[in-house]
Amino acid sequence: MVVALSLAVAVCYGAADFCGGLATRRASALAVVVWSQAAGLLLLLAALPLVPGAFHRADLLVSLVCGVCGTLAVGLLYRGLAIGVMGVVSPITAVLAAALPVAWGIGRGERPAALALLGIAFALVAVVLVSAATPAAPQPAAPTKKRGRIPPGIPEALGAGLAFGIFFIALAQVQPDAGLYPLLGTRVLSMLLLLGGAGALRLSLRVARPGLPTIALCGMLDMGANVLYILAAHAGPLSIVAVLSSLYPAVTVALAGLVLRERLVRAQWAGVAVAFAGVLCISLAR
């Protein structure tokens, strides 16, 4: 059950990222994030009466942490992808976002079987491989460039990975009977932060009408992934849930190949194979 739920999380996150990437071709990244978050909030409000849940004051702190960290993570990730090399920024973010919950789970006493640990290692390697991209042609270095300078996008990738990791750890701490209430608090706070930031900086959130369906789908898939993640975290060890959920770049890459006819490089095909090996190891572990 936990493996199936975790893989469903990866599928939803990966599809959401693919839709978000398509949408940013027609609108600014900030506008896509804001309107997709709004679509996810509408879906959450519609589903709230259908999912039994109890409000817990303890979950308010979880919502606060998730709202702040989720907003920060998305902002840093988009910034890193805009100024850095996507094939470097994406895997750094994904691996760190998976490694933190794994370390947290093991530190809290989780003891996955040896075969499961091997599967976790395979999955972390797979995240790096499937995020690989054909390297861009090297640019001549500027005469004033200093040796040892950190490449653009790396600090943002590290920050985004750290924020996502904390987000996943916190989201797994909600009460089992809380239902969707923690996600409601998280999303409302995230929307307030995004709208407040856009207003303070006087940034436009306008999007073309043809791009709205893709943005809405992005938001609904992202919200669905969050719901499934909570279910998965309550069904099994966080160390396994987090690392399987982090396989979402494989879904994004696969959709890019199927829909946009983008070709996978050898490293990406190798990543897909390693990902399957990792999932098999975790599924067979006892």
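**Cysteines**

I started with Cys218: its sulfur is 6.1 Å from the closest cysteine sulfur, the one in Cys19, and that is too far for a bond. I noted the cut-off too: a disulfide is a pair of cysteine sulfur atoms within 2.5 Å. Cys218 is buried, with a relative accessible area of 8%; buried means under 20% relative accessible area, exposed over 50%, and partly exposed in between (1.4 Å probe, protein chains only).

Before going on, I wrote down that this is a predicted model, where local features need pLDDT of at least 70 and side-chain atom pairs count only at pLDDT 80 or more, while totals for chains, interfaces and linings use all residues. Residues are numbered from 1 along each chain as its sequence is written, and side-chain values use heavy atoms, with hydrogens and water left out.

How many disulfides does the structure hold? I found zero. Cys66 is in no disulfide either, as its nearest cysteine sulfur belongs to Cys69, 7.3 Å away. Cys66 counts as buried, at 1% relative accessibility.

**Ser63**

Next I looked up Ser63 and found it in helix H3 (residues 58-83). Helices here are DSSP runs (H or I, at least four residues), as are strands (E, at least two), numbered from the N terminus. Ser63 is buried, at 6% relative accessible area. Its side chain reaches the backbone oxygen of Pro182 at 2.9 Å. Leaving out residues up to four places away in sequence, I listed Tyr181, Pro182, Gly185, Thr186 and Leu189 as what Ser63 touches (contact means heavy atoms within 4.5 Å).

**Aromatic rings**

I searched the whole structure and got five aromatic pairs. Rings of Phe, Tyr and Trp (its six-membered ring) pair if their centres lie within 6.5 Å; planes under 30 degrees apart are stacked, over 60 edge-to-face, and the rest tilted. Phe164 and Phe168 make a stacked pair, 6.3 Å centre to centre with 20° between the planes. Both are buried. They sit four residues apart in helix H6 (residues 154-171), so about one helical turn separates them. Ring pairs also link Tyr13, Phe164, Phe167, Phe168, Tyr229 and Tyr248 into a cluster.

**Helix H10**

Among the buried residues of H10 I noted Tyr248, Val251 and Ala256. After H10 comes Arg261, with a positive phi near 60°.

Technical notes
A polar contact is a pair of N or O atoms within 3.5 Å; within protein, one must be able to donate a hydrogen and the other to accept it, and residues adjacent in sequence count only if both atoms are side-chain atoms.
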